[in-house]
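Biologist: I would like to learn how to read a sheet and a domain contact. Could we go through one case step by step?

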Amino acid sequence: MAEPLAPTEIRALARLLGEMNYYELLHLRRDAGSADVKRAYHATTRVFHPDANRALEPELQEAVRRIAMRVSEAYSVLRDPRRRRAYDLRLSEEGRIRMQLAEASNEAGRRDASERGGRTREGQRFYKMALADLKRHDYPAAARNLQTALTFEPDNAVFREQLASARSKGV
Amino acid sequence: MAQIAIGIDLGTSNSCVAVSRHARVDVLPNAFGESTTASVVNIAADGSITVGNAAKANIIHDPKHTISSAKRLIGRYFFSEEVKKARAICSYDIVEGDNHSVRIKVREEVFSLPEISAMVLREMKSIAEARLGQPVSKAVVTVPAFFNDNQRQATKDAARIAGLEVLRILNEPTAAALAYGFGRGLNQRVAVYDLGGGTFDISILEIGDDVFEVLATSGDTFLGGDDFDDRVIDLLADHFLSKHKINLRQDRFALEKLKVAAEEAKKALSLEPSAEIRIPDVATTPSGETLSIEYTLTEREFNALVADLMQRTFKVCDEALQQAGMVARDLDGVILVGGPTRLGIVRTGVREYFQMEPRTDVDPDEVVAMGAAIHAASLLDQGGEAFLLDVTPLSLQIGVAGGLTEPVIERNTPVPIEQTRTFTTFNDYQESVSIRVYQGESRESSENEMLGHFEFGGFRKGRRGEVEIDVTFEINTDGIVNVTARDRATGEAASTRITLSSGLSESEISSIMDRGVADRVATAKVPDPGESQDELIPVPQPTTTQRPAPAREKPQTRPAAPTSQAQAPRPAPAPPARPAPAPQPARAAKPVPEPLAEDNVEIITAVELGDAGIASPGEGKELTDELDLDDIEGLERDGQSEPLFDEPGTDLADDEVS
């Protein structure tokens with residue numbers, strides 16, 4: 001069982017909630033893997049779960065409850081790779097530390113839709129060729145076209161997944 | 001005397017109470033030595049109330065005053081399919097109360113569903129007090145994981161009416177997992193397959209030492225052991241109709257007898273390959289000849305009758321596994337909960353579906369109450385022994401234009417959680433903003449469960465779009481939804497008025513408590529008056545499970561034989577000589593249609609702006625593009641022509657509840 005928190009610590013953290021991003025809240029590095037995310041969630045929960053803080057005075061219980069809710073939110077975003085990608089983007093581009101869950105899902109959905117066929121003209125062109133190669137089971141050719149498509153859209157997860165699969169089948 | 005908190009499994013057919021003290025968990029049997037008590041209430045002519053098997057014995061000769069399966073009706077709207085079915089089948093009177101609520105009329109008295117459940121809870125409280133020899137006022141009460149907010153709130157109200165402080169509304173499968181894994185230092189992924197009398201739940205959990213994390217949960221609140229009985233009733237009634245040309249379904253007494261026989265046959269089939277059904281004098285021919293039913297129901301025939309019900313449970317399992325991102329072979333164990341899981345077809349089906357032997361070292365009738373008791377004790381000690389990380393079973397959605405909904409909190413999101421949306425006024429000097437809140441997975445509002453129609457007022461007035469209201473949707477660790485609003489600029493809380501909700505208001509609850517309804521429950525005395533009240537009265541048939549010591553040897557991940565793992569040997573689950581089974585309403589297979597028109601309350605249309613706390617108004621305006629503003633105006637006009645409420649809420653100030 002984790003050490004109970006001092007009231008000053010609880011108050012300070014509750015005040016800082018508006019400034020901490022999800023990684024900071026869960027004490028995670030930006031490149032943390034999914035197992036780390038889960039471990040961090042469990043560890044943080046042991047401290048801030050409302051059940052573990054029932055003895056606190058009402059004002060502190062309320063603060064703990066707010067922290068616990070933010071911890072759930074952080075976990076819900078970071079454990080889901082699609083939401084996490086959407087969040088990371090907003091965090092690095094706009095410095096937004098919070099993202100509503102539905103928004104993260106929607107954005108992930110939109111990104112997926114745009115990534116599926118490619119965002120750039122060249123990316124789309126080579127991806128189409130790769131799909132034709134895959135249909136003919138010409139995996140080395142598909143891998144080459146996907147590699148080219150990725151030079152135009154290096155962060156396209158769909159292209160990357162297809163490339164990995166083409167390579168594994170080509171062996 | 002030390003404070004004590006109990007765990008209560010409030011079931012559709014049977015309830016169970018347990019206590020956890022001094023590192024052991026005891027199921028507390030009733031005065032008859034039974035570890036479970038029928039969730040049946042009988043109200044006598046003199047107004048006295050009996051609960052349990054004694055009440056159940058009245059089903060055949062006093063069906064109008066005997067209420068069973070109240071859990072199927074709790075927290076539902078009168079217009080729901082489930083209530084319609086129940087009205088067609090139930091022998092007691094189901095009437096409509098305020099706000100589309102459901103009431104039960106017995107003689108000249110009208111009861112809300114929380115009151116009926118409060119009678120059962122009071123009985124369980126009394127059983128615990130008699131066994132423990134001290135007053136009990138705190139409890140953890142369990143509900144099906146798939147219960148929505150209305151059902152949870154109503155259950156919580158029931159406990160309050162019964163005189164219990166609810167430490168937690170706990171999900172039944174989570175309670176079962178806790179009873180299974182507490183203090184054992186496990187690192188496992190388990191499925192809890194919970195087939196109760198009226199509901200089915202499946203939860204996938206990851207247990208890591210003291211953390212019990214629910215990864216996904218799914219369920220069907222219209223599917224349970226009662227449905228298995230219904231199939232047998234249909235078989236018998238059809239058989240009788242073709243043989244004698246008499247429809248037993250039209251005769252309430254005959255139907256009750258069929259129900260009794262069907263439940264007994266089902267229980268017998270948990271032990272034997274066939275069941276003899278004998279119902280003497282079930283009907284009389286026009287010529288005065290009395291007819292009986294004699295039927296041998298084989299397990300094979302029974303299995304064929306219920307095969308599709310089993311398939312329905314597995315479809316729900318598919319969904320839960322998919323939501324957890326797992327396949328059956330990723331699991332280390334399957335825990336069975338609920339009486340019907342004793343049936344051969346359930347055991348075989350579960351074994352085949354999950355490709356492993358289900359665990360039978362936990363008693364399916366008692367494990368939920370035991371888990372609730374463990375959690376109750378832990379909460380009383382300020383927690384810290386086990387952390388339950390549960391999820392919300394249903395997506396929380398808000399109504400938008402065109403009869404559609406938009407998710408705010410998706411299902412299987414860990415709780416507690418809060419999300420905030422910003423709304424703005426749509427008309428100049430608008431006085432209130434209204435939001436409909438739903439639970440369910442459909443895009444169509446009519447296919448989701450309406451939690452309430454919230455109206456927020458008392459904020460600054462300004463030109464359209466000037467006033468922004470942050471609406472916060474919160475789901476707490478009880479799975480109960482709370483919606484609040486504040487003026488974004490001033491931070492001032494807006495007043496909230498709920499214009500539609502199936503629940504009881506605070507004033508109704510206190511008036512019910514003043515009337516002392518629960519005090520009328522006459523509990524049978526635990527025999528053995530010679531015993532001192534200070535000591536635990538000896539339990540006739542001990543159903544005690546020693547809490548396993550922590551850091552115990554890790555159990556096999558795939559138990560080979562069920563008995564080899566037995567932790568607490570129990571007597572064979574012989575079907576107790578139960579006087580009578582509960583009448584049960586048939587389940588609706590379809591979601592409840594919502595007969596609610598857009599309301600005609602002043603000007604209440606809200607336009608959602610985006611996400612509060614983070615979204616700037618500028619960003620929010622982009623989002624408004626997704627809503628068809630013309631549609632909203634159109635709906636307002638439609639609303640005017642279809643008044644739903646008797647009194648349009650024109651004067652908000654008078655009706656504020658908070």
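Modeller: Start with one pair of residues. In this predicted model, B:D93 has B:K105 of strand 9 of chain B as its bridge partner.

Biologist: How many bridges join strand 8 of chain B to strand 9 of chain B?

Modeller: There are 4 bridges between them, and the two strands run antiparallel. Strand 9 covers residues 102-106.

Biologist: What is the strand order of the sheet in chain B?

Modeller: The order is 8-9-10, in an open sheet of 3 strands with antiparallel pairing. Strand 8 (93-96) and strand 10 (109-112) of chain B each have a single partner strand, so they stand at the edges, with one side of each lacking a neighbour in the sheet. From one strand to the next, the twist averages 40°.

Biologist: Which helix packs on the sheet?

Modeller: Helix 3 of chain B, residues 113-132, does, and it touches strand 9 and strand 10 of chain B. The direction of helix 3 makes about 85° with that of strand 10.

Biologist: Now the domains. How many residues of domain 1 of chain B are in contact with domain 3 of chain B?

Modeller: On the domain 1 side 21 residues take part, and they meet 13 residues of domain 3. Helix 4 (149-161) and strand 15 (211-220) of chain B each supply at least two residues of the domain 1 side. Helix 4 gives the largest share, 6 residues.

Biologist: How do the residues of that domain 1 side divide into nonpolar, polar and charged?

Modeller: They comprise 6 nonpolar, 10 polar and 5 charged residues.

Methods: Residues are numbered from 1 along each chain as its sequence is written. Chains are lettered from A and ligands numbered from 1 in the order in which they are written. This is a predicted model: local features need pLDDT of at least 70, side-chain atom pairs count only at pLDDT 80 or more; totals for chains, interfaces and linings use all residues. Two strands pair if DSSP finds at least two bridges between them. Axes are lines fitted to C-alpha atoms, for helices over the stretch in contact, and angles run from 0 to 180 degrees between N-to-C directions. Two residues are in contact if their C-beta atoms, placed from the backbone, lie within 7 Å. Ala, Val, Leu, Ile, Met, Phe, Trp, Tyr, Cys and Pro count as nonpolar, Asp, Glu, Lys and Arg as charged, and the others, Gly among them, as polar.
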